[in-house]
Amino acid sequence: MRTTALSAVRAILAVTAQPGMISFAGGLPAPELFDAEGLRAAYDSAFAHSARRALQYSTTEGAPELRAAVAARLDGRGLATAADDVLITTGSQQGLSLLTTALIEPGDAVLVENPTYLAALQGFALAGARVVPVPCDGEGMLPDALAELVARERPKLLYTIPTFQNPTGRTLPAARRAEVAAVAARLGLWLLEDDPYGDLRYEGHDLPWLAAHPGAEDRTALLGSFSKVMAPGLRLGWLRAPAALLRGAALAKQAADLHTSTVDQLAAAEYLRTADLDAHVAKVRGAYRIRRDALLAGLPSALPPGSTWNRPEGGMFVWARLPEGHDATALLRAAAARGVAFVPGAPFFAESPDPRTLRLSFTTHTAPEIEEGLHRLAGPCRELTGR
Ligand SMILES: Cc1ncc(COP(=O)(O)O)c(C=O)c1O
């Protein structure tokens with residue numbers, strides 16, 4: 001289960017829960033930015049107006065008003081969607097798990113970006129899939145390499161996070177999206193498009209979902225989440241997929257948990273009806289942009305000379321690479337002792353892990369805290385390079 005490397009990292013990261021630690025490790029939204037008052041009002045209203053329904057069992061596909069609200073948001077961004085095209089899930093993590101159950105049989109090949117989201121790798125491995133990495137560069141997947149792999153491996157599906165990827169923060173450019181969709185249409189495979197971060201854009205323009213491309217419409221499952229824009233504790237996500245696949249996912253969901261919490265769905269629907277989620281997200285984006293910039297501004301004097309990193313246009317993560325001969329796990333051990341943490345990149349790779357890589361999340365600390373965290377990181381970096 002590929003957990004050996006992860007457990008080693010987990011043991012170190014356990015230390016990062018200590019008070020005073022500045023952690024660039026977790027992929028968490030900033031808790032001080034949650035709209036707790038707005039959500040509380042939405043729950044109050046759900047109880048005041050529909051307590052009996054809110055506390056009762058409900059349908060597997062989800063509360064009609066929440067399905068409709070999700071569909072309207074997608075529609076509003078140019079992806080024609082009806083409420084019936086949407087299944088409400090218990091976080092987008094469950095969407096991934098349902099699609100895995102619905103589509104993958106042991107031995108099936110599954111293509112992934114390299115590196116990619118760790119919990120997806122684990123889910124595919126649990127299902128007995130043969131996980132095959134697609135070669136990537138700084139902008140994500142290489143479409144020609146993808147086409148070659150599809151022809152050779154005959155995969156069941158491609159799992160991709162095209163926008164502000166976890167762990168790299170990369171965004172697949174528009175032209176490559178069209179090429180990926182064309183490969184899927186020409187050679188025939190399912191696309192699992194995971195998009196929990198797309199709303200968190202700090203600069204540049206929104207790009208079309210793979211699901212919106214001609215030829216990909218009937219073979220793309222789009223996964224969305226309220227975790228990063230509302231609150232992850234709600235455990236609310238959604239899945240937009242062609243009818244046959246949605247039916248399969250609903251069957252799998254029935255076996256998994258019957259349905260997602262009714263009260264949480266009604267409160268979220270009420271929030272979407274009465275509060276302004278877009279205004280809230282704009283506020284969150286403003287704060288995260290400042291934090292991203294603070295991290296980017298401080299990295300040159302923190303990481304060893306010769307390190308490289310990217311400049312994500314959104315999301316939560318900066319992906320960095322230490323110079324030749326360095327190891328991010330060794331650096332984490334030294335850094336944690338100084339009160340600062342990050343995640344080594346190696347466990348995110350499906351194959352050929354790069355021990356020099358690391359993921360830095362910039363969302364949960366203010367700019368001055370980020371500066372202090374980088375100041376703490378500079379010490380162990382200097383020691384490791386003998387500067
Ligand atoms: C790429 C990706 N997919 C899915 C998830 C799961 O999100 P949730 O289940 O909270 O919607 C995460 C969480 O960090 C993620 O990074």
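The model is predicted. Glu-369 belongs to helix H12, which covers residues 367-385. Its C-alpha atom lies 9.7 Å from that of Ser-23. Along the chain, Glu-369 and Ser-23 are 346 residues apart.

Now turn to the ligand. The ligand sits in the largest pocket. Around the ligand are 14 residues. The closest are Ser-92, Asp-194, Tyr-197, Ser-225 and Ser-227. By class, the shell holds 5 nonpolar, 6 polar and 3 charged residues. Helix H4, residues 91-103, gives the most to this shell, with 3 residues.

How much of the ligand does the protein bury? The ligand taken alone exposes 400 Å², and the protein buries 92% of that.

The peptide bond from Asn-166 to Pro-167 is cis, with omega near 15 degrees. Pro-167 is in the loop between strand E7 (157-160) and helix H7 (174-187). A cis bond also joins Asn-114 to Pro-115, with omega near 5 degrees. Pro-115 is in the loop that runs from strand E3 (109-113) to helix H5 (118-126). Most peptide bonds are trans, and most residues other than glycine have a negative phi.

Two arginines have a positive phi. For Arg-154, phi is near 50 degrees. Arg-154 is in the loop between helix H6 (143-153) and E7. Is Arg-154 buried or exposed? Arg-154 counts as exposed, because its relative accessibility is 55% and exposed means over 50%. For Arg-235, phi is near 55 degrees. Arg-235 is in the loop between strand E9 (220-225) and strand E10 (237-240). At 34% relative accessibility, Arg-235 counts as partly exposed.

How values were computed: Residues numbered from 1 in each chain as written. Predicted model: local features only at pLDDT ≥ 70, side-chain atom pairs only at ≥ 80, totals over all residues. Heavy atoms only, no water. Near = heavy atom within 4 Å. Areas by Shrake-Rupley, 256 points an atom, 1.4 Å probe, with all protein chains shown as cover. 1 Å grid on protein atoms, 1.4 Å probe; cavity = no way out; pocket = protein on both sides within 12 Å on 5 of 7 lines; lining within 4 Å. Sits in = over half its atoms within 2 Å of the grid points. Helix = DSSP H or I, 4+ residues; strand = E, 2+ residues; numbered from the N terminus. Nonpolar A, V, L, I, M, F, W, Y, C, P; charged D, E, K, R; others polar. Buried < 20%, exposed > 50% of the residue type's maximum accessible area, 1.4 Å probe, protein only.
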